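Biologist: Please show me the chain, and then let me ask how each label on it was reached.

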Amino acid sequence: MSAAPQTREILLLRGSNLLHAETLQTIATLGEDGLWRAPDGAVTDAIGVPHQAATAIVKPAEQQAADRAHDAAWIEQALKVVREVASQRRDITVDDIRMALSAKPRKPALMSTLMVAAARQGLIEKTSAHRPSIRTVNGGRTVRVWKSLIHESEGLTK
């Protein structure tokens with residue numbers, strides 16, 4: 001014997017009106033001409049019913065652990081990009097690194113974390129200089145200029 005499927009009201013039939021069960025907003029009205037019309041008067045012959053997709057339920061602590069692991073792996077890979085760019089250029093910005101990355105950070109703040117990690121590894125160091133960001137999303141703000149400590153010509157000029 002199979003269990004009856006669970007149902008819930010999503011549409012209500014009220015006279016010539018079809019209503020959303022939760023909001024009671026009119027979805028369609030049956031006209032005297034026998035045609036169904038949307039609230040804006042457009043003739044309709046179908047109703048879209050939302051389909052609930054299955055989603056995983058993840059505990060917050062597990063999500064945070066997964067995010068930390070993902071971010072750590074991303075930084076490890078992104079440090080290789082910083083090393084490559086810093087070996088080719090005397091001065092770099094986060095914009096330069098972002099353009100060279102194949103995988104973008106999960107959240108923008110990770111770019112700062114990356115640059116600090118690169119400085120700790122002796123790849124770059126902070127300067128007091130800033131320049132306008134080339135990214136339009138930054139709204140014209142400035143970004144720090146970092147000095148490469150591994151630029152290929154550095155050893156030749158000392």
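The talk below takes the labels one at a time.

Modeller: Keep in mind that this is a predicted model. The chain has four helices and eight strands, and from the N terminus the elements run β-β-β-β-β-α-β-α-α-β-β-α.

Biologist: What is the radius of gyration of the chain, and what would a compact globule of 158 residues have?

Modeller: The chain has 29 Å, whereas a compact globule of 158 residues would be near 15 Å. Along the principal axes, the C-alpha trace spans about 90 × 45 × 20 Å. As for burial, 27% of the 158 residues count as buried.

Biologist: Are Asp33 and Arg37 buried, exposed or partly exposed?

Modeller: Buried means under 20% relative accessible area, exposed means over 50%, and partly exposed lies in between. Asp33 has 48% and Arg37 has 26%, so both are called partly exposed.

Biologist: How do you know which label, buried or partly exposed, goes to Arg89 and which to Asp96?

Modeller: The side chains of Arg89 and Asp96 meet in a salt bridge, at 3.2 Å from N to O. Asp96 has a relative accessible area of 12%, which is under 20%, so Asp96 is buried. Arg89 has 36%, which puts Arg89 in the partly exposed class.

Biologist: What makes Lys147 and Glu125 a salt bridge?

Modeller: Their closest N and O atoms are 4.0 Å apart, and the cut-off is within 4 Å, so the pair is counted.

Biologist: Why is this pair said to tie together parts of the chain?

Modeller: Lys147 lies in strand β8, residues 142–148, and Glu125 lies in strand β7, residues 124–132, so the bridge links parts that are 22 residues apart in sequence. Lys147 is partly exposed at 32%, and Glu125 is partly exposed at 35%.

Biologist: Turning to the largest pocket, what is its volume, and which residues are closest to its centre?

Modeller: The volume is about 260 Å³. The lining has 15 residues, and the closest to the centre are Val94, Met111, Ser112, Arg141 and Val143. The elements that give two or more residues to this lining are α2 (94–100), α3 (110–120) and β8. Of the elements, α3 gives the most, with four residues.

Biologist: How many residues of that lining are nonpolar, polar and charged?

Modeller: Seven are nonpolar, two are polar and six are charged.

Biologist: What makes Leu24 worth a look, and where does Leu24 lie?

Modeller: Phi of Leu24 is near 60°, a positive value in a residue other than glycine. Leu24 lies in the loop between β2 (17–20) and β3 (26–30). Its relative accessible area is 53%, which is over 50%, so Leu24 is called exposed.

Biologist: How far from Ala28 is Asp45, in sequence and in space?

Modeller: Asp45 and Ala28 are 17 residues apart in sequence, and their C-alpha atoms are 9.7 Å apart in space.

Key:
Residues numbered from 1 in each chain as written. Predicted model: local features only at pLDDT ≥ 70, side-chain atom pairs only at ≥ 80, totals over all residues. Heavy atoms only, no water. Buried < 20%, exposed > 50% of the residue type's maximum accessible area, 1.4 Å probe, protein only. 1 Å grid on protein atoms, 1.4 Å probe; cavity = no way out; pocket = protein on both sides within 12 Å on 5 of 7 lines; lining within 4 Å. Points joined across faces, edges and corners; volume = space filled by probe spheres on them. Nonpolar A, V, L, I, M, F, W, Y, C, P; charged D, E, K, R; others polar. Rg over C-alpha atoms; globule rule 2.2 N^0.38 Å.
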